[in-house]
Amino acid sequence: MWPPALSELKTDLDTSAAGDDTRDDVALQVVLDAAVEFVQRVRPSFNYDADPLSELPDPPADLRLGTLRLASRWHTRRRSPDALVAMAELGAARVPSFDPDIERLLGIGRYRGPVFA
């Protein structure tokens with residue numbers, strides 16, 4: 001079922017374990033909506049509206065997971081405008097601007113198939 005829900009994103013982020021914690025719901029919904037719009041724009045060859053008359057295939061599970069992971073990455077990066085995340089006594093870690101696993105799930109970047117114009 002498209003699009004992924006906020007509850008799925010919270011489960012993927014493992015924030016649903018906090019129970020009724022809704023502090024980040026607005027921010028999470030914003031990044032999830034943006035990720036959904038992005039995926040629909042860069043991968044238009046799927047039936048995102050569940051139109052029974054469409055000949056396009058439904059979005060596959062890997063596209064759904066990739067959308068959730070993309071939203072999760074964008075949510076994490078909002079705390080790291082300089083691409084670094086502080087990890088207490090462990091120091092700082094770099095948050096790369098792309099993730100090959102997400103690109104593979106979404107079929108974008110270097111994992112995009114050939115395009116014929």
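R110 is exposed, with a relative accessible area of 62%. I start there, at the segment after helix 4, which is where R110 is found. Keep in mind that this is a predicted model.

What does R110 touch, leaving aside its neighbours within four places in sequence? Two residues: P100 and E103. Take P100. R110 and P100 are ten residues apart in sequence, and their C-alpha atoms lie 8.5 Å apart in space.

Helix 1 covers residues 6–13. Which of its residues are buried? They are L6, L9 and K10. What covers them? The cover includes helix 2, residues 25–42, and helix 3, residues 61–77. Just after helix 1 comes D14, and D14 takes a positive phi of about 65°.

Next, the charged pairs. Side chains of opposite charge can pair when their charged atoms come close. How many salt bridges are there here? The count comes to five. I will show three of them.

Number one on my list is E8 with R64. Their closest N and O atoms are 2.7 Å apart. This pair links distant parts of the chain: E8 sits in helix 1, R64 in helix 3, and 56 residues separate them. Buried or exposed? E8 is partly exposed, at 27% relative accessible area. R64 counts as buried, because its relative accessibility is 18% and the cut-off for buried is under 20%.

Stay with R64 for a moment. Leaving aside neighbours within four places in sequence, R64 is in contact with M1, W2, P3, P4, A5 and E8.

Next pair: R69 and D12. Their side chains meet in a salt bridge of 2.8 Å, N to O. Again the link spans distant parts of the chain, from R69 in helix 3 to D12 in helix 1, 57 residues apart. R69 is partly exposed, at 35%. D12 is partly exposed as well, at 27%.

Last pair for today: D99 and R73. Here the salt bridge is 3.3 Å, N to O. D99 lies in the loop between strand 2 (92–94) and helix 4 (100–106), while R73 is in helix 3, and the two are 26 residues apart. R73 counts as buried, at 16% relative accessibility.

Now the inside. The largest nonpolar core has 18 residues. Which residues have the most contacts inside it? L9, V39 and L106 do. Helix 1, helix 2, helix 3 and helix 4 each supply at least two residues of this core. Which helix gives the most? Helix 2, with six residues.

L106 deserves a look of its own. Not counting residues up to four places away in sequence, L106 touches V39, R43, L63, G66, T67 and L70. One of these, V39, is itself among the core residues with the most contacts. And L9, from the buried face of helix 1, is another.

To wrap up: E8–R64 and R69–D12 both link helix 1 with helix 3.

Definitions and conventions
Residues are numbered from 1 along each chain as its sequence is written. This is a predicted model: local features need pLDDT of at least 70, side-chain atom pairs count only at pLDDT 80 or more; totals for chains, interfaces and linings use all residues. Side-chain values use heavy atoms; hydrogens and water are left out. Buried means under 20% relative accessible area, exposed over 50%, partly exposed in between (1.4 Å probe, protein chains only). Helices (H or I, at least four residues) and strands (E, at least two) are DSSP runs, numbered from the N terminus. Contact means heavy atoms within 4.5 Å. A salt bridge is a side-chain nitrogen of Lys or Arg within 4 Å of a carboxyl oxygen of Asp or Glu. A nonpolar core is a set of buried Ala, Val, Leu, Ile, Met, Phe, Trp, Tyr and Cys residues joined through side-chain atoms within 4.5 Å.
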